[in-house]
Amino acid sequence: MHSKHTSRALTLLVSAALALGTFPVSALATPSSELQAQVNEAYSTLTQYANELESASNELYQLQQDLESTQHEIAQTEDDIAELEVKLEEGQEKLSERLAESYKQDTSSSPLSVIVGASDFEELVTRFYYANRMIDYDSELVEEVKSTREELQQRREDLAEQEAEQQQLVEEQEQKTAEIQAKVSEQQAYYEGLDSELQQQLAEEEARRAAEEAARQEAEQADREEQGNNGDSNADNSGGNSNGGDSSNNDSSNTDSGNAPSSVVDIALAQVGKGYVFATAGPNTFDCSGLVTYCYGQMGISITHSSQAQYNIVAGKGHLVYSTSYLSPGDLVFWGHGGSGSAIYHVGIYIGGGQYVHASSPGVGVVVSTLYTGGNFAGGGSPV
């Protein structure tokens, strides 16, 4: 009997090895953990460059606005100077005409005719005063226009210098922005290359894990059948011995995962392909617990944005199960360091068929994966 059991176990191990051998593994491939670290670092650098580009673009826009404002002011100053040139020409012509009139005795409005036509000395003084005032007034107008024109011309020169300086700043900022844009493009290509490589490697690892899990479950099933056969053949000799090889403990004995709404699965699947950003909960990017919060929120069910808190909710309701046989679509599935329920670090949404949807990481985003219940798996169940 022992020989038969050993032979069957050996056969299963060989089968598992052959199954695993069907999945391609690149020679000297970088471990996914290291590759993930490279992706995260590349993403962080890309984000930094993108922020720099945003700041540079904003600064360039402001410099361009300042330059346009200066150019508009220069154009307005040019118009003002042209208008004053017309006024100055008109004023100078008027003054020349009035001075010329002072020599014409037959013109009643000339200063000379004003003086000669006076009837007494007092009127003579008054007329002489106002005659001078007319000439002075015209002269003052001309001088005022000249002064204003000179001020505007100086203003135009100052603005021209300012325009040249601002144009230089714009050109320098355009160059700076272009350099940062080139860095962003280069980093984007590098990041996407790493991301693609990581996704391919993770898919290969996921396939290997699925094969390992299938082989493990097959081996366990064979072992249970073998132990059952041994129990039957030794029943008469064992008397009341009831050691049936049951290795389950109290924590894994629960079979009721609760009543998760299965329709949440469709909502979760609709998010596949979206990006992973830490501490976000949709609608365009998610982290792992944020995806759960968002999907259940679409069902009108409010769940805390924390994988540990979500685990505590499920555990508090007595819905934790540890076998995929007892999971239902819509249940949450958890992973904790060392499989501990007090050190939860990841959560996903079970969709049935041994698969779940989760926001994996910055290099992967929201994907469908095969559920692997070994290692750090900490159980699953419904939060409602």
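**Exercise 1: a strand and its neighbours**

In which sense do β3 and strand β7 (residues 377–381) pair, and over how many bridges? Work out as well how β3 sits in the rest of the structure.

Before you start, note that this is a predicted model, where local features need pLDDT of at least 70, side-chain atom pairs count only at pLDDT 80 or more, and totals for chains, interfaces and linings use all residues. Residues are numbered from 1 along each chain as its sequence is written, and side-chain values use heavy atoms, with hydrogens and water left out.

*Solution*

Step 1. Helices (H or I, at least four residues) and strands (E, at least two) are DSSP runs, numbered from the N terminus. Two strands pair if DSSP finds at least two bridges between them.

Step 2. Take β7: this strand pairs with β3 in the antiparallel sense, over four bridges. To find the spot by eye, look for V333, which stands opposite G380 in β7.

Step 3. Now go to strand β4 (residues 344–352). Five bridges join β4 to β3, and these two strands run antiparallel.

Step 4. Check the side chains. In a regular strand they alternate between the two faces of the sheet. In β3, L332, F334 and G336 point one way, while V333 and W335 point the other way.

Step 5. Ask about burial. Buried means under 20% relative accessible area, exposed over 50%, and partly exposed in between (1.4 Å probe, protein chains only). Five of the five residues of β3 (residues 332–336) are buried, so the strand is largely enclosed by the rest of the structure.

**Exercise 2: salt bridges**

Find out how many salt bridges a search of the whole structure gives, and say which parts of the chain they link.

*Solution*

Step 1. The cut-off: a side-chain nitrogen of Lys or Arg within 4 Å of a carboxyl oxygen of Asp or Glu. The search comes back with three.

Step 2. One of them is between E52 and K183, at 3.6 Å from N to O. This pair links distant parts of the chain, with E52 in helix α2 (residues 32–101) and K183 in helix α4, 131 residues apart. E52 is partly exposed at 28% relative accessible area, and K183 is partly exposed too, at 33%.

Step 3. Next, the side chains of E73 and R155 meet at 2.3 Å, N to O. Again the partners come from distant parts of the chain: E73 is in α2 and R155 in α4, 82 residues apart. Relative accessibility is 30% for E73, which counts as partly exposed, and 33% for R155, also partly exposed.

Step 4. Finally, E78 bridges to R156, with the closest N and O atoms 3.0 Å apart. E78 sits in α2 and R156 in α4, 78 residues apart, so to speak another link between distant parts of the chain. Both count as partly exposed, E78 at 34% and R156 at 27%.

**Exercise 3: a charged patch**

Which residues form a negative surface patch, and is E161 buried or exposed?

*Solution*

Step 1. Patches are made of residues with over 30% relative accessible area and no salt bridge; like charges are joined within 9 Å, and nonpolar side chains (Val, Leu, Ile, Met, Phe, Trp, Tyr) within 5 Å. Asp and Glu count as negative, Lys and Arg as positive, and His and the chain ends are not counted.

Step 2. The members are E157, D158, E161 and E165.

Step 3. Zoom in on E161, placed in helix α4 (residues 121–233). E161 has 52% relative accessibility and counts as exposed.

**Exercise 4: a helix and a loop**

How many residues of helix α7 (residues 288–298) are buried, and how far is Y294 from T280 in space?

*Solution*

Step 1. Nine of the eleven residues of α7 are buried, so the helix is largely enclosed by the rest of the structure. Among them are L291, V292 and Y294.

Step 2. T280 lies in the loop between β1 and β2, and is buried at 19% relative accessible area. T280 and Y294 are 14 residues apart in sequence and 9.5 Å apart in space, C-alpha to C-alpha.

Step 3. While you're in that loop, look at P283. A cis peptide bond joins G282 and P283, with omega about 0°.

How values were computed:
Accessible areas come from the Shrake-Rupley method with a 1.4 Å probe; for residues, only the protein chains shown count as cover. The place of a charge is taken as NZ of Lys, CZ of Arg, CG of Asp or CD of Glu.
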